[in-house]
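Please look over the model shown here.

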Amino acid sequence: MHSFQSQHLEALARAEASLAAAQERVAQDRWRLRYHVAAPAYWINDPNGFSFYRGEYHLFYQHHPYSVEWGPMYWGHVKSKDLVHWEHLPIALAPSEDYDRDGCFSGSAIEHEGKLWLMYTGNVWTGEDRDEDLKQVQALAYSEDGVHFEKYIGNPVIEAAPEGNIHPFHFRDPKIWQHEDIYYCILGSQTTDRQSGQVLLYRSADLINWTFISVIAGGQETTEKLGYMWECPDLFALGDQDVLVCSPQGMAKDGDLYHNLHQSGCMLGKLDYATGKFEHGDLQLLDYGFDFYAPQTTLDEQGRRIVIAWMAMWEDKMPEQARGWAGAMTIPRVLTIEDGQIRTRPLPELSKLRGKSVHYTNEKLLSSLAANSQSVEPDSSIYTGRQFAGVSGEYTELEIEFEAGTATSFGIAMRVGESSGEETVLSYDCQQQKLTLDRERSGAGSGGIRRAPLSLQNGILKLRIFIDRSSVEVFAGDGEVAMSARIYPGVDSTGIRFFAKDGETLLKSVDCWTLDQ
Ligand code: FRU
């Protein structure tokens, strides 16, 4: 064994011991998510290396196994046969070499000659200023069993950023794929003046020798303000188009849009592999909620494009840190393109989690002017609205159909606490044609309101909502809108209420399931 391998193994063993000492306490936390991926303990961020290898899905994640804060990055690892039930595996990558001393940053995975290969960014701080004093290179690791990974002896395989209007050090998050016997890789980047994000395209015959082709999007060609750095790019064919996913940092707010610190979206277009040109449309958000960043996709066994993102946002409050963990993944979602728009729907197989259920149809929701309704915000539903026996819970799926009727707005309050006054409110404004997710009164953590444009279909609003102990993920319409949020209610806040304002709405149907692993 090379000495560098034993160095890596030692770093992995130390990290596992750190997790083992903390995970029992973390498992008891009442905010711990039941059916979402999170680390056994401590910090996680981006999904990495999402792939299918020898009959199983592998998902890695940026991980700091020593504290609830971001730090030198490791790759945590889970696998699944069905994308629904996940099994924890040992940490796959640890920073252990000169070129990745301060972190194995984000990257991706691909099967090549029977092995599972990871390509990631080695990060090194070269001084005090974390924005300027860094060196990033691209490196490989591989595994024969999908569990134990060795770093490639010839690392790094991309040692420096290309010449041109390309920042020499902010150069990261390789996503690899194969197209007609050639490997391609894209990297997140920015211009040398650090004003515009961009994506770099590379080509390789063997995963080891890489040739820079072009800047495929962003950079000098950016006509609108799409942020100063694009992180975690992904590119794949979907139907007869190509989709470029990226996470732009620093986009300015625009009306209801881009209120998070950073965004994640996609551009539909066509990549010309011969010229390296990607003609594309505007950025479309992949999620209109609070907590969705650095999404990564894989192709599943059935040829569906599945996306998972980090369900958190940089620099936001994470109340679970006080309980020994920080961050989680979203549920897997299926991407399609319909009418020129990206659509997002929850993975159908999540229905395997369904347990006890109740079902109601054709219930009238009348405008409810509660005694205290004057004293609260217009969007509020505190203590108003109808409840239905069995429709409640903290790990729950809801499938709902509203017929808007004469109401000016209608919706649902979740995680309602009768004594605490907590609630997380999803409401639809019929005049403005907007869906609003309001976590101002959700409990601990950040509040805030997010809005998404959405038209009703023949007066009908369809919703699928996944509630876990400290999260809610909303899918509205026919895949047009997804909204994700971490919320931190008290354990007694399990109520669900349905409401209409200034008129009558018909709750055509509601199905509620308890979800369990
Ligand atoms: C995105 C990101 C990546 C980087 C990683 C470091 O959230 O900043 O660009 O590789 O996190 O953990």
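The side chains of Ser67 and His64 are joined by a polar contact of 3.3 Å. A polar contact is a pair of N or O atoms within 3.5 Å; within protein, one must be able to donate a hydrogen and the other to accept it, and residues adjacent in sequence count only if both atoms are side-chain atoms. The Ser67 side chain also reaches the backbone nitrogen of Glu69, at 2.9 Å.

Ser67 sits in the loop between strand S2 (56-64) and strand S3 (74-80). Strands are DSSP runs of type E, at least two residues long, numbered from the N terminus. Leaving aside neighbours within four places in sequence, Ser67 is in contact (heavy atoms within 4.5 Å) with Tyr42 and Trp43.

## Basis of the model

This is a predicted model: local features need pLDDT of at least 70, side-chain atom pairs count only at pLDDT 80 or more, and totals for chains, interfaces and linings use all residues. Residues are numbered from 1 along each chain as its sequence is written, and side-chain values use heavy atoms, with hydrogens and water left out.

## Backbone features

Asn155 and Pro156 are joined by a cis peptide bond, with omega about -5°. Pro156 is in the loop between strand S8 (150-151) and S9.

Glu180 is not a glycine, yet its phi is positive, about 45°. Glu180 lies in the loop between S9 and strand S10 (182-190).

## The ligand site

The ligand is surrounded by 13 residues (each with a heavy atom within 4 Å). The closest are Asp46, Gln62, Arg172, Asp173 and Glu231. The shell divides into six nonpolar, three polar and four charged residues.

For a backbone N or O atom of Ser106, it is 3.1 Å. For an N or O atom in the Trp314 side chain, it is 2.9 Å. The protein covers 96% of the 320 Å² of accessible area (Shrake-Rupley method, 1.4 Å probe) that the ligand has on its own. Strand S1 (42-53), strand S5 (104-112), strand S9 (171-179) and strand S13 (229-238) each give two or more residues to the shell.

Definitions and conventions:
Helix = DSSP H or I, 4+ residues; strand = E, 2+ residues; numbered from the N terminus. Nonpolar A, V, L, I, M, F, W, Y, C, P; charged D, E, K, R; others polar.
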